[in-house]
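Please read it alongside the sequence and the coordinates.

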Amino acid sequence: MTTIFSKIVKGEIPSYRIAENDRFYAFLDINPLAKGHTLVVPKKEIDYLFDLEDELLAGMNVFAKKIARAIEKVVPCKRIGVAVLGLEVPHAHIHLIPINSEADISFSRPKLKFSEAEFIELAEKISKEVKL
Ligand code: AMP
């Protein structure tokens, strides 16, 4: 089954793209816990993060690090929190979430709302800071 994230990667449905390379794609979460909440996915469709082969998993973390560095430059925060759930979308993904406290990364909190223009502006700003 094609996942919604595979459709995003292929450009079949829109996303607020941050960056991509031949193996990974980063885009803003549409139901963010914090401004700058970003998802990193492998282009290869694999459900469970720990089913990724070692080299792909290692590469995904290095890619995520570069995205986190870019988010830090745009969104003031103590650090970028990292979470992996995968309970909703069966396509491995890493959540990168700017945090100032433990509560900021609680998935039971209400999600933030941003306008399309705000998402676009934020994605562009972060994207410009990415050094792959
Ligand atoms: P989980 O699988 O539990 O890690 O949650 C999936 C995450 O993907 C949630 O935070 C959703 O807000 C996010 N999400 C689902 N569909 C989209 C989409 N089309 N664009 C961006 N983020 C999405």
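Which elements each supply at least two residues of the shell around the ligand?

1. The structure is a predicted model. In it, α1 (4–9) and β2 (24–28) each contribute at least two residues to the shell around the ligand. With 3 residues, α1 provides the largest share of that shell.

2. The ligand is surrounded by 16 residues, and the closest are D29, E88, V89, H93 and H95. By class, the residues of the shell divide into 10 nonpolar, 4 polar and 2 charged.

3. In the side chain of D29, an N or O atom is 2.5 Å from an oxygen atom of the ligand. A polar backbone atom of G86 lies 3.1 Å from an oxygen atom of the ligand. For I30, a backbone N or O atom is 3.3 Å from a nitrogen atom of the ligand. Of the 510 Å² that the ligand exposes when taken alone, the protein buries 90%.

4. As to the space itself, the ligand takes up the largest pocket.

5. A separate point concerns H37, which is found in the loop between β2 and β3 (38–42). Is H37 buried or exposed? H37 counts as buried because its relative accessibility is 1%, and the cut-off for buried is under 20%. Along the chain, H37 and G59 are 22 residues apart, and their C-alpha atoms are separated by 20 Å.

Terms used: Residues numbered from 1 in each chain as written. Predicted model: local features only at pLDDT ≥ 70, side-chain atom pairs only at ≥ 80, totals over all residues. Heavy atoms only, no water. Near = heavy atom within 4 Å. Polar contact = N/O pair within 3.5 Å; in protein donor to acceptor, adjacent residues only side chain to side chain. Areas by Shrake-Rupley, 256 points an atom, 1.4 Å probe, with all protein chains shown as cover. 1 Å grid on protein atoms, 1.4 Å probe; cavity = no way out; pocket = protein on both sides within 12 Å on 5 of 7 lines; lining within 4 Å. Sits in = over half its atoms within 2 Å of the grid points. Helix = DSSP H or I, 4+ residues; strand = E, 2+ residues; numbered from the N terminus. Nonpolar A, V, L, I, M, F, W, Y, C, P; charged D, E, K, R; others polar. Buried < 20%, exposed > 50% of the residue type's maximum accessible area, 1.4 Å probe, protein only.
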